[in-house]
Structure formats: C-alpha cells, structure tokens
Amino acid sequence: MLASTNSFLDSVDKNFRHAMSFLELPEGLAERIVQCNSTYTVRFGVRLRGRMYSFVGWRSVHSEHCEPVKGGIRFTPDADAEEVEALAALMTLKCALVDVPFGGSKGALRIDPREWTLQELERITRRFTQELAKRGLIGPGLNVPAPDVGTSEREMAWMVDEFRRANPTDVINARACVTGKPLSKGGIAGRREATGRGVQFAVQSYLRDPRTPAIAGRRDLNGATVVVQGFGNVGYHAAKFLSEEDSARVVVIAERDGYVAKHEGLPIEALKQHHMRTGSILGFDGAKTFAGDMSGIEEACDILIPAAMENAIHIDNAERIKAHLIVEAANGPITFQADQLLRSRGVTILPDLYVNAGGVVVSYFEWVKNLTHIPFGLMERRRRERRNQTIATALERMTGKAFPTDMRDEFLEGGAEIDLVRSGLEDVMRSTWVNIADLLESKPELGDYRTAAYVTSIRRISAAYEAIGI
Ligand code: NAD
C-alpha cells in the first residue's frame, strides 16, 4: 500500500528510509524489509438488535523473517488499513530491537466498543476471530495477537476460547494463540502492567546513563514534572509507576475530552477510581479541570509521555510543546515533520519502538509459558528459598546478629512469577537502551535515538533475511 502524504504510515516509511540511508544493504533487500508482506481485509456480518450489522477489520503481516508474527489488535472507530500497516511495520522493528523471535503483525476492527453491550462485543469479537482463524491469521505458530487500544484481557479471553472451539483436535498449545490473556486463561503475571512498566524502565535507563543530559540537574525522577496523554492501560500504568515508585510529579493527565492538572502532582490511583466511577478524568476533586481542551500536552513539564494515539504531536502543535524529553509510550505519536522540528529545538525523543516494547517482551514470556506448560519459577522457587534461608542462618551465626528485618523478606523470597517477569523485562529494557546509546555514541552521524534504534533493528532483520536466503 502506498502511504498517503503525512499519514502515520508515511512517517514510519520515512523513518525507515532515513535509517536505511546509513546502511549498505545488499541490492533489493532494503525494499524487501520496508514492504508489508500482506494485509487481509475482513468484512463480516453479525445479527444484533434484530438486524444484520456489517463490520470491517484488518490483519497485516509486515514481515515473516521470523515466525510466528506478533502484534496487537485494536478496536477503534477510525481504524484503517494504512494505520494497521504502519503498526505492523513498527512491530517488526520493535521485536528485532528487543531481540524477541517474532515477525511483525497488527490488526484492527473498525468499531467504537462503547456503542455495544458486553454480550454484543463478545459476539463481534468471536466472529472476527473465526474470520482470522479461517485465513491462518491467528495461531500459536503463525500469528499471535495481543491487546491494544480498545481491547484488553477480556477480548483476548474470548479470542482464545473461540480459537480452541475452531481447533478442537489441537488444544494442547492453543492458549499460545494470543497473549495478554487473563491469568485464569493462561496469561502471565505482570502482562497488564508490562507496557507501562517498560516505559518506567526506559526513562530510568535514559536518566541513569551518564551520556544523557540530567533533568533539572538530577539523574533520577524525584520531583520531575510529567505530562501524560491517554489514561488507558499504558498511560495509567506509566503515570502510576513514575509517581508512586520514582516520586515524579504527574502534573497533567490529558484525555480525549479534556485534561486535569495539579501543580503538586495528581494522585494517580485516586484519579483512576474517579475515572472508573464517572467514565471521565474530568471533575476530579482537588485538580483543575479543562473540559474539551486538547492542549494538555502543551503544558510546561520536564517529560511528556504521549500514551494515546498516533500523530498526537504534529507540525501545527510541535512548536508549542514545552517538554525537554518526550517519551513515546504510544505508537507513532509524533509525525516525521514534527519530529524534525522538535529535535531542531533541542527536544530529546525516546522512540516508540523502544519505549513501548515492554508489552511484546512480556507477551513473549507468556507465549513461552503457554508452550512449555509450566509457570515461570515453579521448579526452583522452594530450592532458592531454602538456600537463602541457609545463607541467612549462617550469617546470623557467624556475626551473632539478627538478619536486618527490612531486608529479610526480599532476601528469602525465591522468585514468584511476577518478580521473574519484572526482572526479565528490566533486563531487556536496560540492555536495549545500552545498545541504542552505544550505537549513537559510535556513529554520531545517525543524529538521534530513533534512527539508532531503527538501524539496530534493520541490521538484525537483514541478517535474518540473509541467513534464510530470502
Ligand atoms: P487504551 O485503549 O487502554 O487507552 C488509550 C487511551 O487514550 C484511552 O483512555 C482513550 O480515551 C485515550 N485517548 C484516545 N484518543 C485520545 C486523544 N486524542 N487525546 C487524549 N487521550 C486519548 O490503549 P493502550 O493499550 O493504553 O494503548 C495506548 C497506546 O500505546 C497506543 O498507541 C498503543 O498502540 C500503544 N501500545 C499499547 C500496548 C499495550 O500493551 N496495550 C503495547 C505497545 C504499545
């Protein structure tokens, strides 16, 4: 598909080609890597409310240099094939960047989930799954969806159930057909928070690196002001972890109906409760409400975290962005033109394919767990606990002092699934940061972190293509 000018796909395409201009790839390979392999359009009908309703959806497979292919499914009213192709390309790059063995894919259904009841949504999701299954666009070894905008564990549970029904003779690995499932359906501890947790690790990695500029003279987040756009899965978790664990001040949360602001920092958990109770962040007690005002992202802050939709920062508002650091938690939140303008103003941008990779990293853990049929840590946990207990007892005997009580629990603990997931995710995010920053240091002509991340990914993808002789 040819990208329309200034679209999300156009921005991804331009970033791709810009990064490739620094690489000497064998003839024809660059084009092969950029192209989206296939985009399937599905139209189906569901009888609801006494009549037939038609729906349209897409599943794009960007690259199969590595299989299965992986990527979320979003339910949004303005989804289209171009958007899905751009997101699928980003998935290819993201998986390569964090070195998880998946090709890139993405899917969408054009629907506003708020217009349908729970039962209706379930029927629509199940029909969509049937269509994907018929075409080999879902399956543990083929194509593995996950939640994205407008979808969650609930939709993944319906999808895995429908997939099992469609494949009654092959149920042993069926749970690995989607990730982001509820724990009771084969999910993994820590998947729901994973993308927001990854955002936190990305910001920490950046700040701890002595090669990056400090924020307000500091190398931690204590007191740093943060603006977050989007209070869904990713935005909520990022805001929660950065404020509650790193003492950042989240001064603005912006949503589709306006924004709320508080100079001292918003209490994120209380705001979440208000959001769940009223359906909106607006009117939250103790914060200023700006109803219908979409300029929340332009408020002064140290760090801006767009965590809603693509193209949020464009050529018409980029000049008004006051943040020093933009952390792309959403996919494609800055257009190619806006990116150039922001960088010319000295704004640092941490790119989406790195920042929001936490979701696919933990999805990979979940997929492995489903295929191995054993929870992480099960075999070693008790042995580790006993060994740590022995060490603690030996230390107490040798020193004649009691083991410090504030450290005891953490030391003795043998590693629950959630701890292993967080530790694995932290390791991937930290080491990926070092790869990106090292590359930019050794090749300053790349100019920015996005290009360094793209170059890292494209090198890995091209090596995989060459290895399999495509
Ligand atoms: P979500 O549906 O849980 O939340 C999105 C939120 O953004 C919603 O609260 C919505 O009301 C809000 N929003 C929509 N348009 C807005 C606008 N114009 N201004 C302000 N807010 C707006 O979705 P999510 O899973 O949090 O995904 C957010 C972004 O992160 C997307 O770009 C998605 O592709 C990306 N992402 C998500 C995951 C994941 O694991 N869920 C992983 C990687 C990347």
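This is a predicted model: local features need pLDDT of at least 70, side-chain atom pairs count only at pLDDT 80 or more; totals for chains, interfaces and linings use all residues.

A: A polar contact here is a pair of N or O atoms within 3.5 Å of each other.

R191 works through its side chain instead, with a polar atom 3.4 Å from an oxygen atom of the ligand. On its own, the ligand has 830 Å² of accessible area, and the protein covers 85% of that.

Now widen the view to the whole shell. There are 24 residues around the ligand. Those that come nearest are D148, T195, E255, R256 and N331. By type, the shell holds eleven nonpolar, eight polar and five charged residues. Some elements give several of them. Helix 7 (233-244) supplies at least two shell residues, and so does strand 7 (249-255).

Where does the ligand sit relative to the domains? The chain is assigned a domain 1 (38-185) and a domain 2 (194-355). Both give residues to the shell, so the ligand lies between them.

Next, look at how the domains meet. Their C-alpha centres are 28 Å apart. In the contact between them, twelve residues of domain 1 face nine residues of domain 2. The size of an interface is often given as the accessible area lost when the parts come together. For domain 1 and domain 2, the buried area is about 840 Å². Carbon and sulfur atoms give 56% of it. On the domain 1 side, three residues stand out: L90, K94 and L97. Together they supply 43% of the area that domain 1 buries against domain 2, more than any other three residues.

Two backbone details complete the tour. Most residues other than glycine have a negative phi, and most peptide bonds are trans. The bond from E67 to P68 is cis, with omega near 5°. P68 is placed in the loop between strand 2 (51-63) and strand 3 (69-76). The other detail is A216, which is not a glycine but has a positive phi of about 45°. A216 is found in the loop that lies between helix 6 (194-208) and strand 6 (225-229).

Technical notes:
Residues are numbered from 1 along each chain as its sequence is written. Side-chain values use heavy atoms; hydrogens and water are left out. A residue is near a molecule or strand if one of its heavy atoms lies within 4 Å of it. A polar contact is a pair of N or O atoms within 3.5 Å; within protein, one must be able to donate a hydrogen and the other to accept it, and residues adjacent in sequence count only if both atoms are side-chain atoms. Accessible areas come from the Shrake-Rupley method with a 1.4 Å probe; for residues, only the protein chains shown count as cover. Helices (H or I, at least four residues) and strands (E, at least two) are DSSP runs, numbered from the N terminus. Ala, Val, Leu, Ile, Met, Phe, Trp, Tyr, Cys and Pro count as nonpolar, Asp, Glu, Lys and Arg as charged, and the others, Gly among them, as polar. Domain bounds come from an automatic or database domain assignment. Contact means heavy atoms within 4.5 Å. Buried area is the accessible area (1.4 Å probe) that two parts lose on being put together, summed over both.
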